[in-house]
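Hi everyone, thanks for coming.

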Amino acid sequence: MKITAAVLARTGDNPRPYGEHRPLELATLTLDPPQAGELLVRIDAAGLCHSDLSVVNGDRPRPMPMALGHEATGIVEALGPGDDMQFAVGDRVILAFLPSCGECVRCKGGEPYMCAAGAAANGEGRLLSGARRLHDACGHEVHHHLGVSAFASHVVVDRRSAVKVDRDIPAHIAALFGCAVLTGAGAVINSAAMRPGENVLIYGLGGVGLASLLAARASGAGTLVAIDPSAEKRAIATELGAEALDIEEAHRLPELFPNGGADLVVETVGRAAVLKTAYAAARRGGRIVTVGLPNPAEAFTIPAVSLVADGKTVIGSYMGSSIPARDIPRYIAMWRAGRLPVEKLLTSISPLSQINTLLDGLADGQAIRQVIVPDAA
Ligand SMILES: [Zn+2]
Ligand SMILES: [Zn+2]
């Protein structure tokens with residue numbers, strides 16, 4: 001079938017403003033029908049995430065050309081051949097940005113977020129089966145982004161990228177569970193195994209950082225502090241009961257965490273320099289969980305002795321150490337109970353045709369989550 005998708009021709013070397021130079025082209029592509037174990041999904045909302053921007057600006061190089069977008073929800077329109085007990089036409093699914101094979105030693109050991117087959121497929125811009133289902137007008141393959149490629153009217157995904165959820169969840173909310181919530185809440189709940197009463201400090205209030213804040217609050221944080229240069233984002237954190245500091249106000253941290261630092265520090269900015277600051281902000285014996293993705297050239301350096309002498313733990317958290325089929329329904333239940341107000345992440349809802357302009361809002365640090373919906377017919 002013919003679909004519309006936002007295709008990036010080159011990673012890095014894309015001049016700003018994006019709204020003017022339009023690195024993402026809305027192209028008509030051919031989408032092959034789903035094969036065994038795959039689903040055709042009509043996308044009805046997709047969030048714009050910093051990891052999309054990182055492919056555009058070259059911080060996270062990927063094979064080109066690529067149809068971007070990895071945080072989305074939609075309705076199953078067709079199934080590949082063969083019995084599928086899990087999914088039916090008409091199901092609402094949330095797409096997770098790392099499919100897991102279910103067969104490897106990591107998957108079987110309960111760490112599907114470390115699935116080697118899923119990581120390899122994502123790195124090569126393929127679906128988990130190894131196939132690419134997207135072709136341009138000349139018949140050349142277009143790469144899938146993280147098995148999803150959601151800035152599009154339709155996608156074909158491996159069913160192991162999809163989690164079925166109730167249909168009544170508004171699409172613009174449901175989409176956010178696929179990356180921001182999975183990553184940000186997972187970092188606090190799974191990777192750091194936060195305990196009630198712990199004092200928590202969060203660097204960065206993008207979609208992931210704000211989701212970490214929601215999870216820390218829901219998990220019974222004692223002192224809860226967030227640092228971000230954007231006054232708008234700090235206002236939302238304040239509304240949620242956190243103390244929000246501008247970067248220049250970081251000198252207040254010793255006063256806010258009088259016992260030598262925070263029990264748990266969550267770094268969501270994706271800069272090695274911020275991770276170093278986050279490391280220093282943890283108390284002796286404290287934990288630092290990092291979910292941001294720095295440019296691969298950046299190194300994280302600390303005095304080696306401090307790991308032992310200060311007894312700190314640095315935890316890398318990929319996809320919030322999540323098991324999507326377990327965690328997405330759990331976070332939705334928390335959202336329904338009012339304990340995880342994910343709608344606080346939502347900055348705007350815009351048609352797909354606005355995508356390049358929306359990238360500027362993200363790059364300028366203005367937006368938290370801008371959700372993209374199909375253009376009105
Ligand atoms: Zn993302
Ligand atoms: Zn696996």
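**The zinc site**

Along the chain, the donors of the zinc ion (ligand 1) are spaced as C-x20-H-x108-C. Here donors are N, O and S atoms within 2.8 Å of the metal (3.2 Å for Na, K and Ca), and water is not among the atoms, so sites may look incomplete. His-70 and Cys-179 are 109 residues apart, and the pair links distant parts of the chain. His-70 sits in the loop between strand S4 (66-67) and strand S5 (71-79), and Cys-179 in the loop between helix H5 (171-174) and helix H6 (180-191). Helices (H or I, at least four residues) and strands (E, at least two) are DSSP runs, numbered from the N terminus.

Quick note: this is a predicted model, where local features need pLDDT of at least 70, side-chain atom pairs count only at pLDDT 80 or more, and totals for chains, interfaces and linings use all residues. Residues are numbered from 1 along each chain as written, chains are lettered from A and ligands numbered from 1 in written order, and side-chain values use heavy atoms, leaving out hydrogens and water.

So, is His-70 buried or exposed? Buried, at 1% relative accessible area, and Cys-179 is buried too, at 4%. Buried means under 20%, exposed over 50%, partly exposed in between (1.4 Å probe, protein chains only).

Now salt bridges: a side-chain nitrogen of Lys or Arg within 4 Å of a carboxyl oxygen of Asp or Glu. There are 24. One of them joins Asp-168 and Arg-336 at 2.9 Å, N to O. Asp-168 is in the loop between strand S10 (162-165) and H5, and Arg-336 in helix H12 (residues 324-336), so the pair ties together parts 168 residues apart in sequence.
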